[in-house]
Amino acid sequence: MAPTTVPRVRRTAQNTQYTYNLTSRIHAVQTYPVLSPQGATILIYGHENGITIVWRGGRRFKPEAASESERGPTSKQNGKPPPADAVMIVDSDNEDTAQANGQPFVDKPQFEDSVDKDAPYPEITQTLDLEFGTAVLHLATLPITPCTAEDAPWAGADLLKEKIVFAASCATREVFLITLPLVPPSPKSKARAELQDELFVGKAGNGKWGEKLTPLHGQTKCSDGLAMTLVKFKSPTEGNRSAERSRSASRAPPRVIVAAHASDACGTLRLWDVPLEGSLKAAARIEPFQAEYLPKPLTSISFNPTHSTQLLCNASPDAVRIYDYALASMAPDDMSEGPFPSQGSWLVSFYPPFSRPSSSRKPILAASWIAHGRAILVLLADGQWGIWDVDGVSPQGQGPALFGRPGSGIRGDALTEFNVSGYVEGTSPLRNPASQRVSGGGSDFVPMTPHSRRDALAASFGPERLASVKGGIVVTSVPASATSTADESVALWIGGAEHVFVIPGVLKFWDAQIRKGAGGGVNLFSGAQPTRMVRLNDLSVGLMGERCTGVGAIVRFSESSNGNGDATTVVPSGNEEGLPVELLVRGETRLVVVRESETVVGTRIGGVVGRRSKRMSERGRENTAIVVYPPPQQPGSVAYNLSVGPRKKKSSRWGADDSDNDENEKGEENGTPAPAPAPAPSMLLPARPRGGGLAFADNLNAAADAEQADDDYDDGADGGRDVEVEMLDIMEIDRQLDAMDGGRGRGRKKVIFDDN
């Protein structure tokens, strides 16, 4: 089920899209926040038959290791002894016997010394399929800031330096906590004979890839969403725990909390406590330590990256609530087993606005933590977005206290007030469906009773119209670099691929929206890139007809040397062009990686217009004539008589009279070159020091020849014509000529053709 290693590359006017075609339907995609030791980004996606892990970018395998795997596991090397650090230190003739005797396979992948910087895009280094025999519907990873393997330990979990830790839920209601080596398997490991002889030997859970599956029991239906976090134990100061339980918790190894919500009963929320390190018996059953029965099913859940005990629950369309599993609802609760109480507490509820003119609230498409768990970003079904300031991190100041913290910005009771809010571009039909009514679809003069009128209003403006709208929010922490501070990037989508947006920096965007509301004049889709919401266009080019089912984000990293040339490190790319993240668009059977750039064709016209306007305004102060700016490397200026007064009969097209032409003809008959006819003295203009013009010669034929020569020169090896600049020149000439129409017939008009 691995994707094609070579993507389909398409460049649009705004971005570059890399499409990977898959062989099965995709249900979920997650970007693992920790890079592999060789610098590759790890993508995990669930499909109809299990899970596939993709290592993208980083250092590639050495060519000799790949060629050795192509020769097969049992082939001999002709005339070349095996290296001393071979992957399997056994005789190749007795390889099958050694495997049958139970000798373990030791995988020692070998990578190149540096990343290939000449590659046009990050290549797929390795893929790994974990077969479950059923569809994997949901995935969850730890909410940590993307980092390298050396910086991975979080809350004392050193296992993150070597292992991938994530959770998965299947269509058969099973939930697993999966650990896997962070280093990709070598081609030699994937070419083992034991994997080719038996059909199900590589199934997930057999340990052939170093994986470990921990089943989590208790679900009666398939999960609708997952979330996970690491336990961060605190000092024993809370009264709802006994001293003995607190002391045992402080000595316990790092543990993982996995949360899952399902639609069984009226809606349930279950949490499991799983040890991250240490041995766990294979027959051990891990049951949930907490189970909350809800009035209705949840839509999504996510753990707070800072306060790891708080769980954000989206109970659309009623409210967004925060659940704390470590805070007992009834104190004291010493009868529970383990370090946590048997029942948690619901801390606060955030209520969205109403969908007018009905009395129902707007459906909540997605809600996610931002500002490192101190605020909440919410996206509603009618295209409205808003930020709830929980801990008072708003740039405008702090508000009243909440959760015992002297800085909350939460205000309101039945309706929670947004700190800042707005609407996503292009979503007005969701709020005003009458504007999208198609003519000819039916007669508007239909008799209506009070009952049918009420149904029509509910269908046009009620929550039923917004119930089918899909969307989501993905928040990615962007680590600090040499040129930028730590921030968060948000990718959101609503409806489909036509409405996909990226906020490069949440904190700067938040500050800009506050200044906009105070009269600062900041536009939502203009201004500097970190302060605006960037819309991604032409995503249908990469999806190739498939609908958008979700988005993700990949932090852009770059490789830097330590100065001696013998080692390299992977650091955030703070000086890259475009967005700090690559957008990962999920189709039905395709994955599209979108790299946005600010130097593409579509963004040049704005800069050209600004430069040309500034230059034209400066020249306009020097004189009142029409100043034309031709392409560079043109001859000097030429003056023309454009007088509209009465003239003598001319025999030449350049304004000379008959006497001048007779003298020219006599001179040519005598064999002497005729002097060039001089224009009227009143029309002679002083030559400007910069010279140049439109390169018109002495007659129209010469001018046409010069124009043809310019076209040939522009099409040569020195580069193509700048069509945008030429079009702006023509537009400027037309504007100046239109302004002079009112003074036609008043005398002479002077035109200066200047270069550059």
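His372 counts as partly exposed, because its relative accessibility is 28%, a value between the 20% and 50% cut-offs. This residue is found in the loop between β19 (364–370) and β20 (375–380). Please keep in mind that the model is a predicted one.

With a relative accessible area of 30%, Met544 is partly exposed.

A further backbone feature concerns a proline. The peptide bond that leads from Ser316 to Pro317 is cis, and its omega is near 0°. Pro317 lies in the loop between β16 (310–315) and β17.

Let me turn to Ala315, whose place is in strand β16. Is Ala315 buried or exposed? Ala315 has 5% relative accessibility and therefore counts as buried. Leaving aside residues up to four places away in sequence, Ala315 touches Leu298 and Arg321. As for Ala366, its C-alpha atom is separated by 9.9 Å from that of Ala315, and the two residues are 51 residues apart along the chain.

I come now to the aromatic residues. How many aromatic pairs does a search of the whole structure find? The search finds 11 of them. One of these is formed by Tyr323 and Trp346; the pair is tilted, with 4.8 Å centre to centre and 55° between the planes. The pair links distant parts of the chain: Tyr323 is in strand β17 (residues 319–324) and Trp346 in strand β18 (residues 345–350), 23 residues apart. The two partners can also be described by their accessibility. Tyr323, at 0% relative accessibility, counts as buried, whereas Trp346, at 35%, counts as partly exposed.

Phe289, Phe303, Tyr325 and Phe340 form one aromatic cluster. Elsewhere, a charged group meets a ring: the charged end of Arg192 sits over the ring of Trp209, at 5.3 Å from its centre.

My last local feature is helix α14. Its 18 residues (residues 723–740) should span 26 Å at 1.5 Å a residue, and its end C-alpha atoms are 26 Å apart, so expectation and model agree. Which residues of α14 are buried? They are Glu724, Leu728, Asp729 and Glu732. These residues cover an arc of only 140° around the axis, which means that they lie on the same side of α14. As background, an α-helix has 3.6 residues a turn, so residues three or four places apart point the same way. The exposed residues Ile730 and Asp738 are carried by the face of α14 that is turned away from its buried side.

I shall end with the chain as a whole. The protein chain has 14 helices and 33 strands. Of its 756 residues, 44% are buried. Among contacts with a separation of 6 or more, 65% are between residues 24 or more positions apart. The chain exposes about 38,500 Å², of which carbon and sulfur atoms supply 51%.

Key. Residues are numbered from 1 along each chain as its sequence is written. This is a predicted model: local features need pLDDT of at least 70, side-chain atom pairs count only at pLDDT 80 or more; totals for chains, interfaces and linings use all residues. Side-chain values use heavy atoms; hydrogens and water are left out. Helices (H or I, at least four residues) and strands (E, at least two) are DSSP runs, numbered from the N terminus. Buried means under 20% relative accessible area, exposed over 50%, partly exposed in between (1.4 Å probe, protein chains only). Contact means heavy atoms within 4.5 Å. Accessible areas come from the Shrake-Rupley method with a 1.4 Å probe; for residues, only the protein chains shown count as cover. The expected span of a helix is 1.5 Å times one less than its number of residues. The arc is that of the directions from the helix axis to the C-beta atoms. Rings of Phe, Tyr and Trp (its six-membered ring) pair if their centres lie within 6.5 Å; planes under 30 degrees apart count as stacked, over 60 as edge-to-face and the rest as tilted. A charge sits over a ring if NZ of Lys or CZ of Arg is within 6 Å of the ring centre and within 35 degrees of the ring normal.
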